[in-house]
Amino acid sequence: MVDSIISSRDVNIFYADKQAIFGVDMDILPNKVTAFIGPSGCGKSTFLRAINRMNDLIPICYMEGCMTIGGQDIYAPEVDVVALRAQVGMVFQKPNPFPKSIFENVAYGLRIHKMAAAKSEMDDRVEWSLKSAGLWDEVHDRLDQPGNSLSGGQQQRLCIARAIAIEPKVILMDEPCSALDPIATAVVEDLIDQLRREFTIIIVTHSMQQAARISQRTAFFHLGNLVEFNDTKTIFTNPVDERTQNYITGRIG
Amino acid sequence: MENNPPEHIVAKFDKNLDKIKSVILDMGALVGTQIKDATALWFAFDEAEAARIRALDLQVNGMNSEVYARAEVLIVRRQPVALDLRETLAPINIASELERIGDHAKTLAKRAFLYTDERPAKEFFDLIAQMSNDVQQMLIDVLLAYSNSDIDAAARVREKDTAIDDAHKKMLRMVIAALSEGRNSEDLTTELVHMVLNSRNLERVGDHIVNIARFVNQIVEGHDLKATD
């Protein structure tokens, strides 16, 4: 039995007096892609953002319960949130490169976290990140051009390169392909599969087919509850809970 | 126990699945009639009727292709998962089992001309008629079980197959006994041997029906009884 990298115990999340997540216990395994699925408003993105404390940025949002990464309580008072987010990277729905060059987009995080002292080291790490994100061959001769001059799919891969440059343990992805065409989506999906060798990936997706294609574990959220969390194969072939079956088959439950 | 999941949000999805189901039910009804009519030929042979029953084979094969084609289109359009996927894939197998049942009915019809002159004793025909009635009833029951996603009814169908197997063994013993007497004409010997083949055809029909009953389980519960039971 492989130990989980992320564990939540009785996590409740509130937006002011409205409860969005109800007592979620979850163990996420390392080097797997875990998909969060569920209808809009089910709490999957809220729960995802609790994993790198992005919800801290919403004043009315607060959490109860315990969330650990590598055994460490990430909500403990002594935790440095900036350092935490270096461990838990995030890729968003809409590609959001900084208004800087392709090179600087990737180098930015390395600089603030002081992860590359010499220029040659910086060059190497940027190249490694872009190669890992499957973007190097397409941009190596125009690294000085603006990040937003790239196509949507390339921009999203640039954001992935930026996230992995600082070598996080975990990458959170919130509908990373929803703004991409099917070809760009396929490239990113292939990339996600490659990246799981080195990182633990959690992806929120509205596409059942995408969850079925790229994840090994799938969690179904409904009305703020974690209804079912199982191997992806089981979820999409023979789910245990009737609510899961009704959702994934598009039935009126 | 019937098992009816809620309707799909996309109503067309339900219509597509229902259409596949209705082709299976029509196909089942057709092969059931084929067996009934082929059995009747042994009691009153009619060349034209035998030809008609044989010709139904084309229609059965066409329905088999239709089930496959409809499942193919449904997969492309709806990307079914879980229960829906099983309700899409299982009919391909069920249609294939029904098609085989149709083949057995065709063979039974082909062989009926043998029994026009000298005939084996009535007891052989009684046993064959009983087997034929039993498999026809099993077929109706399994189609109902499939239609209602009723795994209890499917289990009862599987149990009934034992009676068909026993009847086939009984036929074998009766024919061996009759042949052992050694007083049969060449024609009668041939007819007796073919009685075993007829009984074997019906016994195989029972097995195909059992396979269909297993697919009902697979649809509802998601695992293959043939691999576990």
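Trainee: Which residue stands opposite A:Phe36 in β9(A)?

Mentor: A:Ala219 stands opposite A:Phe36 there. The model is a predicted one. β3(A) and β9(A), the latter covering residues 217–222, run parallel and are joined by 4 bridges.

Trainee: What makes β3(A) and β9(A) a pair?

Mentor: A pair needs at least two bridges between the strands.

Trainee: What is the order of the open sheet of 6 strands in chain A?

Mentor: The order is β6-β7-β8-β3-β9-β10, and the pairing is mixed. From one strand to the next, the twist averages 20°.

Trainee: What makes β6 and β10 of chain A edge strands?

Mentor: Each of them, β6 (88–91) and β10 (225–231), pairs on one side only.

Trainee: Which helix packs on this sheet, touching β6 and β7 of chain A?

Mentor: That is α6(A), whose direction makes about 175° with that of β6(A).

Trainee: Why is A:Arg217 called buried?

Mentor: The cut-off for buried is 20 or more other C-beta atoms within 10 Å. A:Arg217 has 22, so it is classed as buried. A:Arg217 lies in strand β9 of chain A. Leaving out residues up to four places away in sequence, A:Arg217 touches A:Leu29, A:Lys32, A:Thr34, A:Phe229, A:Asp231 and A:Thr232.

Trainee: How do you know that the span of helix α7 of chain A is close to the expected one?

Mentor: The helix covers residues 182–195, which is 14 residues, and reaches 20 Å from its first C-alpha to its last. The expected value at 1.5 Å a residue is 20 Å, and the span is close to that.

Trainee: Which residues of α7(A) are buried, and what puts them on the same side?

Mentor: The buried residues are A:Val188, A:Leu191, A:Ile192 and A:Leu195. They cover an arc of only 105° around the axis, and therefore lie on the same side of α7(A). On the other side, A:Pro182, A:Ile183 and A:Gln194 are exposed. The cover over the buried residues includes β3 (33–37), α4 (119–132), α6 (152–165), β7 (170–174), β8 (200–204) and α8 (208–214) of chain A.

Trainee: What is the pairing in the open sheet of 4 strands in chain A?

Mentor: The pairing is antiparallel, and the order is β2-β1-β4-β5. β2 (18–28) and β5 (72–73) stand at the edges: each has a single partner strand, so one side of each has no neighbour in the sheet.

Trainee: How many bridges join strand β1 to strand β4 of chain A?

Mentor: There are 8 bridges between β1 (residues 6–15) and β4 (residues 61–69), which run antiparallel. At least two are needed for a pair, so these strands qualify. Among the facing residues, A:Phe14 stands opposite A:Tyr62 in β4(A), and A:Ile6 has A:Ile69 as its bridge partner.

Trainee: What do β1(A) and β2(A) form, and how many residues are between them?

Mentor: They form a hairpin with 2 residues between the strands. The antiparallel pairing runs over 7 bridges, including the one between A:Tyr15 and A:Lys18. In the turn, A:Ala16 has a positive phi of about 55°.

Trainee: Which phi does B:Gln79 have, although it is not a glycine?

Mentor: B:Gln79 has a positive phi of about 40°. B:Gln79 sits in the loop between α2 (47–78) and α3 of chain B.

Trainee: Why is B:Gln79 called partly exposed, and B:Ser149 buried?

Mentor: B:Gln79 has 13, so it falls in between and is partly exposed. B:Ser149 has 21, so it is buried. B:Ser149, also not a glycine, has a positive phi of about 50° and is placed in the loop between α4 (122–147) and α5 (151–180) of chain B.

Trainee: How many residues of chain B are in contact with chain A?

Mentor: 14 residues of chain B are in contact with 15 of chain A. Helix α3 (residues 82–111) gives the most to this side of chain B, with 4 residues. By class, that side has 9 nonpolar, 3 polar and 2 charged residues.

How values were computed: Residues numbered from 1 in each chain as written. Chains lettered and ligands numbered in written order. Predicted model: local features only at pLDDT ≥ 70, side-chain atom pairs only at ≥ 80, totals over all residues. Contact = placed C-beta atoms within 7 Å. Nonpolar A, V, L, I, M, F, W, Y, C, P; charged D, E, K, R; others polar. Expected span 1.5 Å × (residues − 1). Buried ≥ 20, exposed ≤ 12 C-beta atoms within 10 Å, placed from the backbone. Arc of directions from axis to C-beta. Axes fitted to C-alpha atoms, helices over the stretch in contact; angles between N-to-C directions.
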